[in-house]
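This briefing is for a reader who is meeting the structure below for the first time.

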Amino acid sequence: MTETISIPGIGRTWIKPGAYIYVLLGQGPSVSGYGDRQVCVIAPMTSAGTGTANKRVQISTEQAAIDLSGPGSPLHRACKEVLLTNPFGTLWAIPYAASSGAGSASASKQITLATAPTGRGVAELWVCGEQCAYGFTSSDTVTTIAAGLVAQINQKTWLPVTASNSSGVITVTAKIAGASQNLAICLHTTITPNVGTTISAGGDLTGGTDGSTTEATNLAAALAANAMIGAYCFVFSVSDATNVAAIKTWIATRSDPNPGLRSYALVGNRDTYANLSAIAIGSNTERFEFVWQQDSEWTPGQLAGHMAGHYTRKENEYPAYNFSGYADDRYSIPKTFNEANWPSASTINDALMAGITPIASSDGGSSLVKRCTSASKTAAGGSVNDWRKLPSHRRNVMDAIAASISQLWNTEFASKTLLPDAVLPNGQVNSSVYTSKRSIRPSMFKARVKRILRQAYEDGWIQDPTPAIDSMICQVSSVMPDRIEFGLDLQAVLLADQLVARLTENSPG
Amino acid sequence: MAGVGASPQYLSQVPIIINGTALEEITNFNVEVDGGKVPIETLAKGYTGVSKGISKVNLSFDCMIPAGGPEMDWLNLAGEITPVTVQIGIGTKDFVSSGHIMTASLAQGNGEPPKMSVTGMFPYSKIE
């Protein structure tokens, strides 16, 4: 005999007491056409960090992140953003070692100053959106100008690079080795014109390679060592296909009903839409989000950390928060420096359809266009659109309701004895029947969940709760007598994202 | 068809559950739904309807005190701001809400056992 309500991982041979909740998203008709949310940053540390690799630590100050992982490390920079945008939230960090061993190399870029200056001027070298400037005169040489810029860069220990100078040739080098830093760190240069000295153009650091111990190996070890930790939003500094696949599997496993640690992964990316879309479509899951700003001034981990703080701060108040057009007072992602890389409306739309959260740039700055998960197709890597799981708020709302139900069970129903419902001759459940204070009945649990749903509706989390209440199944399992089977269909609230209007001037003539 | 003298089944008891615990020491209770509606009366049309008010449910009951102490910490629940959930089974439906214990009093008369009287106030929630 099969159960009416069966969920993966909780079969007839699983008898450990607990609340096991399976959240199914995207189950509505295709029209093709929401405790305290915590953040955990999992990113590389530099050799200056004193933390233990793969060991989770709570972070409450930027200095703690610096001490743990080294100044300017991807973990430090991501944690810094989370603390800035959600200063009262709970932040965890798990450092892991960067790539090492034979063959490892750090990404770098050379900036060349040429020709001695003939007058006064200012040379600027922007690193990840931070200005490093040196004022020079005709007494300076390219070597002294370069030395001045190098001193500025190295003074800013929170940058992800170090710099050196050789006769006016500045070499900017990533603080950690490995391919993950390629295209992750960008430089821009300017110099006062017509004073003799020129400075070569900026660009992304390149040439980083993984050694015999790859970053992917170290990340996998960090994930394996922390499979059961509690947090809702996990921030990573990598977004290549290999690491995305590993993270996706890790998130999916922990979000299963057993162990029920529902969460999602958040990564940043500054690559082209074409390259990122292939990765996003390949992941295709409601528990992965890509924040994308092509040629961003910021590093990928910084982008993800910044939005993780915003997301959790707003979600703690309202899991269905609409992030479309988001740019509140703590939002500070700068616009992309190169206007040529500002995505067009068409590219932004393509990105959304591919499950990417785009950040648009304009003269006034940047803003997040619309938040979405990477679940955009019927199958990973497929081409048929399925946007039922695309809006992030649907996952947030469902997870929030699942958490409410789980909390209800754990606080008031778990550890009691179970009596089946008394049924009247007409088949309806009789609520008015004696129940010992040590016992519960399925109808008691069902009544409490109805209240949760009504409250969720009043708080603006879900649509009309009546169909959801009518859909509820709550009964003692016919297969496992110590188990209550519970089923519920509901719809998260809609978002007011678009208006289409046709205005017709119909004066006769 | 029911014959003459046949009696349909009637409610025999109403379970009252506070914070997931079915109360067993209650000796009597009263549940009142106060819709809070404000009548609208005009000179020309007289009583014409109502406007929506603040609807709430008032619960009051008396309970005995076992040797080990009250079934729940009524006095402190009345004194503190701690909210409580209530579930009252009425036939095939339930009233479920989250509110507060407003008052709790302990009294004893000569030759009588001590008794506690408790009142609670809860926002109205659809009984279903």
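In chain A, strand E7 (residues 161-166) and strand E8 (residues 169-174) run antiparallel and are joined by six bridges. The model is a predicted one.

**The four-stranded sheet of chain A**

- E7 and E8 belong to an open sheet of four strands in chain A, with the order E7-E8-E4-E10 and antiparallel pairing.
- The edges of this sheet are E7 and E10 of chain A, each of which pairs on one side only.
- A:Ser166 stands opposite A:Val169, which is in E8(A).
- Two residues lie between the strands in the hairpin of E7(A) and E8(A), and in this hairpin A:Ser167 takes a positive phi near 55°.
- Helix H3 (residues 142-155) of chain A lies across strand E4 (108-114), E7, E8 and E10 of chain A. The direction of H3 is at about 165° to E7(A).

**The eight-stranded sheet of chain A**

- Chain A also has an open sheet of eight strands, in which the pairing is mixed. The strand order is E2-E3-E1-E12-E13-E14-E15-E16.
- Strand E2 (57-59) and strand E16 (365-368) of chain A are the edge strands, and each pairs on one side only.
- From one strand to the next, the twist averages 25°.
- Helix H1 (residues 62-69) of chain A packs on this sheet and touches strand E1 (39-45), E2 and strand E3 (91-97) of chain A. The direction of H1 makes about 145° with that of E2(A).
- Strand E14 (residues 288-292) and strand E15 (residues 357-362) of chain A run parallel and are joined by two bridges.
- A:Val291 has A:Thr357 in E15(A) as its bridge partner.
- Helix H8 (residues 345-353) of chain A lies across E14 and E15 of chain A and runs at about 165° to E15(A).

**The contact between chain A and chain B**

- How many residues does each chain give to the contact? Chain A gives 22 residues and chain B gives 26 residues.
- About 2,000 Å² of area is buried between chain A and chain B, and carbon and sulfur atoms give 46% of this area.
- Of the area that chain A buries against chain B, 29% comes from A:Ser432, A:Lys437 and A:Arg451, more than from any other three residues.
- Two salt bridges are found across the interface of chain A and chain B.
- A:Arg454 forms a salt bridge with B:Glu128, and the closest N and O atoms are 2.6 Å apart.
- Across the interface of chain A and chain B, 15 residue pairs are in polar contact, with both residues at pLDDT 80 or more.
- On the side of chain A that touches chain B, the elements giving two or more residues are strand E19 (429-430) and helix H10 (442-458) of chain A.
- H10(A) gives the most to this side, with seven residues.
- By class, the side of chain A that touches chain B has eight nonpolar, seven polar and seven charged residues.

**Salt bridges over all chains**

- The count over all chains comes to 17 salt bridges.
- The side chains of A:Arg371 and A:Glu289 meet in a salt bridge, at 2.9 Å from N to O.
- A:Arg371 is in the loop between E16 and helix H9 (392-413) of chain A, while A:Glu289 is in strand E14 of chain A, so this pair ties together parts that are 82 residues apart in sequence.

**Backbone details in loops of chain A**

- Which residues does a cis peptide bond join? The bond is between A:Asn258 and A:Pro259, with an omega of about 25°.
- A:Pro259 is in the loop between helix H5 (241-255) and strand E13 (264-269) of chain A.
- A:Asn194 has a positive phi of about 60°, although it is not a glycine.
- The loop that holds A:Asn194 is between strand E9 (186-191) and strand E10 (198-199) of chain A.

Conventions
Residues numbered from 1 in each chain as written. Chains lettered and ligands numbered in written order. Predicted model: local features only at pLDDT ≥ 70, side-chain atom pairs only at ≥ 80, totals over all residues. Heavy atoms only, no water. Pairing = 2+ DSSP bridges. Axes fitted to C-alpha atoms, helices over the stretch in contact; angles between N-to-C directions. Contact = heavy atoms within 4.5 Å. Buried area = accessible area lost by both parts, 1.4 Å probe. Salt bridge = Lys/Arg side-chain N within 4 Å of Asp/Glu carboxyl O. Polar contact = N/O pair within 3.5 Å; in protein donor to acceptor, adjacent residues only side chain to side chain. Nonpolar A, V, L, I, M, F, W, Y, C, P; charged D, E, K, R; others polar.
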